[in-house]
Amino acid sequence: MCPAPAPAENPENPTACIVLADGTTFYGRGFGAPGEIQAELCFNTAMTGYQEIMTDPSYAGQAVTFTFPHIGNTGVTHEDDETADPVARAMVVKWDPTEPSNWRSEGTLNAWLEKNGRIGVGGIDTRRLTRAIRQQGAPHVAIAYNKEGVFDHAALLKSARDFSGLEGLDLAKEVTCAQSYTWNEQRWAWPDGFPKRSTPGKKVVAIDFGAKRNILRCLASAGCDVTVLPATATAAEVLAHKPQGIFLSNGPGDPAATGEYAVPMISEILETTQLPIFGICLGHQMLALALGAKTIKMNHGHHGANHPVKETATGKVEITSMNHGFAVDAQTLPEGVIETHVSLFDGSNCGIRLADRPVFSVQHHPEASPGPQDSFYLFERFSAAMA
Ligand SMILES: NC(=O)CC[C@H](N)C(=O)O
């Protein structure tokens, strides 16, 4: 059944308001929890996986507008959480979420956001908003939802302009685990025959800069016994676990802002061991920094579940899941570091490896949560490097 059409933007009785730092204003209908936030606003083009997106710790400090119009119609289930609670500060959609229609659903998106103190805004012309994001670069915004529909526009504009932005912001420390823990749960759904382990457990230390659960599941499914350590773990603490390989997780914020702890930790491990290392997204950017390259802030980043990436060695194209606002500047890769993957959207760097040992990382998300499964082989490659 189709829901009633989303109203044109600026409905008559708006209960939510989005103010961009340039003054552009959108009115819509609030859902979830009333409140007010500041954030960087990005757009995500995935058609499914809104719960995984909202709970991905890499979205700390950000709000997400979904370009796909029907969001919320599969409800929520605890199995899809990438971390305990939603992390993105707000979500913006075109249609108001409907009642869920899905055998896995345990509740509505609306109730889940409300319980977790997160704002939803419906009835927005998300095409126009997305064009604004593309044209001006991911904007700083203030988003407010109150049931009276009374907004202090000047105060919201000031709030949007006061937002510090993500550049220079170290958020990994805020979302990392407080203590170390072990992880054994494997992927539950894919590919055929999973969960299963082809080889006995390899001892892997995963550094949690904001790790998604499905990455840990993929490592487990590829034969790894995973010990997760907090983002601030030193090289000595990592090596004390006598790992056969080290994994560097995804995470929020500016990779260059972790230069005081994570990057030196990685450099020390690179200098003192020959251990296999695998990094994803923020982990990829940090590995590149530790190897002497530089990272840059992108205009509006890559956030979606159908981004084509080419593996340079084979020419093979993978359709990948993406979520990043920073990128490794391929021009700054030092000798001995090979560019392994590039984005076919804009040619930006999507992967590197060391020429002489199994140290590699990718910008995209091979755990595909949400998204296509093409890049799962990277987990198997990491596991094989430890054999
Ligand atoms: N998903 C991630 O790990 C994101 C990495 C980094 N915070 C970026 O936006 O580029």
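User: In which strand is N323 found?

Analyst: This is a predicted model, so local features need a pLDDT of at least 70 and side-chain atom pairs count only at pLDDT 80 or more, while totals for chains, interfaces and linings use all residues. Residues are numbered from 1 along each chain as its sequence is written. Helices (H or I, at least four residues) and strands (E, at least two) are DSSP runs, numbered from the N terminus. On that basis, the strand that holds N323 is β14.

User: Does N323 count as buried or exposed?

Analyst: A residue is buried if 20 or more other C-beta atoms, placed from the backbone, lie within 10 Å of its own, exposed if 12 or fewer do, and partly exposed in between. Contact is a separate test, which asks for two C-beta atoms, placed from the backbone, within 7 Å; leaving out residues up to four places away in sequence, N323 touches D56, S58, C281, H303 and H365. Because N323 has 27 C-beta neighbours inside 10 Å, it counts as buried.

User: Which strand gives the most to the shell around the ligand?

Analyst: A residue is near a molecule or strand if its C-beta atom, placed from the backbone, lies within 6 Å of it. The residues that surround the ligand include S58, N250, C281, N323, H324, G325 and F326. The strand that gives the most to this shell, with 4 residues, covers residues 317-329 and is β14.

User: How do the residues of that shell divide into nonpolar, polar and charged?

Analyst: Ala, Val, Leu, Ile, Met, Phe, Trp, Tyr, Cys and Pro count as nonpolar, Asp, Glu, Lys and Arg as charged, and the others, Gly among them, as polar. Sorted in this way, the shell around the ligand holds 4 nonpolar, 7 polar and no charged.

User: Which helix holds Q285?

Analyst: Q285 counts as buried, because it has 32 C-beta neighbours inside 10 Å. Not counting residues up to four places away in sequence, it touches P255, T295, F326 and V328. The helix that holds Q285 runs over residues 282-290 and is α9.

User: How far apart in space are Q363 and F43?

Analyst: Q363 lies in the loop between β17 (359-362) and α10, and it counts as buried because it has 31 C-beta neighbours inside 10 Å. Leaving aside neighbours within four places in sequence, its contacts include C281, H284 and H324. Q363 and F43 are 320 residues apart in sequence, while their distance in space, C-alpha to C-alpha, is 18 Å.

User: Which element gives the largest share of the side of domain 1 that touches domain 2?

Analyst: The domain assignment, whose bounds come from an automatic or database source, gives domain 1 (16-162) and domain 2 (172-385). The contact takes 21 residues from domain 1 and 23 residues from domain 2. On the side of domain 1, the elements that give two or more residues are β3 (35-44) and α3 (126-136). The largest share, 3 residues, comes from β3.

User: How many residues of helix α6 are buried?

Analyst: The buried residues of α6 pack against several elements, among them β9 (202-208), β10 (224-230) and α10 (377-385). Helix α6 (residues 213-221) is largely enclosed by the rest of the structure, because the number of buried residues is 9 of the 9.

User: Which residue in β10 stands opposite A206?

Analyst: Strand β9 is mostly covered, with 6 of its 7 residues buried. Two strands pair if DSSP finds at least two bridges between them, and β9 and β10 pair in the parallel sense over 7 bridges. The residue in β10 that stands opposite A206 is V228.
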